[in-house]
Amino acid sequence: MNEVLKNIRTRRSVRGFTEKRIPEETVQAIVEAAVYAPSAMNRQSWHFTVVHNREKIERLAQAIGSQIGREGYDFYRPDMLILVAAERENQNGQLDSGCAMENIMLAAHSLGVGSVWVNQAKGICDEPAVREVLTEFGLPSTHVIWGIAALGYATEQPEEKPRAEGTVNYVE
Ligand SMILES: Cc1cc2nc3c(=O)[nH]c(=O)nc-3n(C[C@H](O)[C@H](O)[C@H](O)COP(=O)(O)O)c2cc1C
């Protein structure tokens with residue numbers, strides 16, 4: 001198995017993070033992987049907000065937690081978030097964002113950084129209390145969030161989740 005396939009095969013969602021800070025060059029490599037994702041018609045209408053500040057992560061977590069009725073919501077306390085958004089008018093924005101999310105998670109894993117997709121901002125990013133924080137973070141009002149990658153060094157490597165059978169059909 002080559003290194004790319006091995007990286008895909010061994011990535012797991014990480015939901016416990018240490019306090020260790022992700023170094024700047026690693027952050028840059030992960031962001032570069034995001035912007036090199038494919039996008040429909042190469043529109044690249046996405047916007048990536050890299051939140052590498054624990055107080056600001058907590059601020060967003062509080063705004064989202066209040067909105068979804070989850071007191072103490074914390075994104076699993078990661079070192080960094082990448083908010084993946086796309087222009088709300090782009091009908092392929094969600095798909096483009098999914099490609100970027102996967103690139104982020106695979107790039108992170110290849111560099112020893114754990115990640116998990118967090119879905120809690122989807123659908124509520126235009127709620128005024130949440131949007132206020134997003135605007136403060138520089139997210140354009142034209143963009144909606146489709147996914148959040150929570151990133152950091154894993155406290156432990158999670159168990160592999162078995163894959164469902166019968167999801168692949170070969171036609172020869
Ligand atoms: C679209 C999408 C949304 C997800 N949302 C969440 C989430 O909100 N919280 C969470 O802990 N994991 C979330 N996950 C991670 C999945 O639970 C995880 O990928 C799945 O259980 C398989 O585990 P693995 O990633 O370790 O292979 C999401 C994954 C995807 C693709």
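**Aromatic side chains and pockets**

Trp-46 is buried, and Phe-48 is buried as well, where buried stands for under 20% relative accessible area, exposed for over 50% and partly exposed for what lies in between (1.4 Å probe, protein chains only). The model is predicted, so that local features need pLDDT of at least 70 and side-chain atom pairs count only at pLDDT 80 or more, while totals for chains, interfaces and linings use all residues. Residues are numbered from 1 along each chain as its sequence is written, and side-chain values use heavy atoms, with hydrogens and water left out.

**Aromatic pairs and a charge over a ring**

- Rings of Phe, Tyr and Trp (its six-membered ring) pair if their centres lie within 6.5 Å, with planes under 30 degrees apart counted as stacked, over 60 as edge-to-face and the rest as tilted; by this rule there are two aromatic pairs.
- The pair of Trp-46 and Phe-48 is tilted, because the ring centres are 5.5 Å apart and the planes stand at 45 degrees.
- The pair of Tyr-73 and Phe-75 is edge-to-face, because the planes stand at 70 degrees, with the ring centres 5.2 Å apart.
- Both Tyr-73 and Phe-75 are buried.
- The charged end of Lys-20 sits over the ring of Tyr-153 at 4.3 Å from its centre, the criterion being NZ of Lys or CZ of Arg within 6 Å of the ring centre and within 35 degrees of the ring normal.

**Pockets**

- The largest pocket holds about 180 Å³ of space, and its lining consists of Arg-54, Ile-57, Glu-58, Ala-61, Gln-62, Tyr-73, Asp-74, Arg-77 and Pro-78.
- A pocket is an open set of points on a 1 Å grid over the protein atoms alone, where a 1.4 Å probe fits and protein lies on both sides within 12 Å along at least five of seven lines, and lining residues have an atom within 4 Å of a point.
- The second largest pocket has a volume of about 150 Å³, and helix 1 (3-10) and helix 4 (93-110) are the elements that give two or more residues to its lining.
- Three nonpolar, no polar and seven charged residues make up the lining of the second largest pocket.

**Thr-49**

- Thr-49 lies in strand 1 (residues 46-51), and it is buried, with a relative accessible area of 4%.
- Its side chain makes a polar contact with the side chain of His-47 at 3.4 Å, such a contact being a pair of N or O atoms within 3.5 Å, of which, within protein, one must be able to donate a hydrogen and the other to accept it.

Notes:
Grid points are joined across faces, edges and corners, and a volume is the space filled by probe spheres set on the points. Helices (H or I, at least four residues) and strands (E, at least two) are DSSP runs, numbered from the N terminus. Ala, Val, Leu, Ile, Met, Phe, Trp, Tyr, Cys and Pro count as nonpolar, Asp, Glu, Lys and Arg as charged, and the others, Gly among them, as polar.
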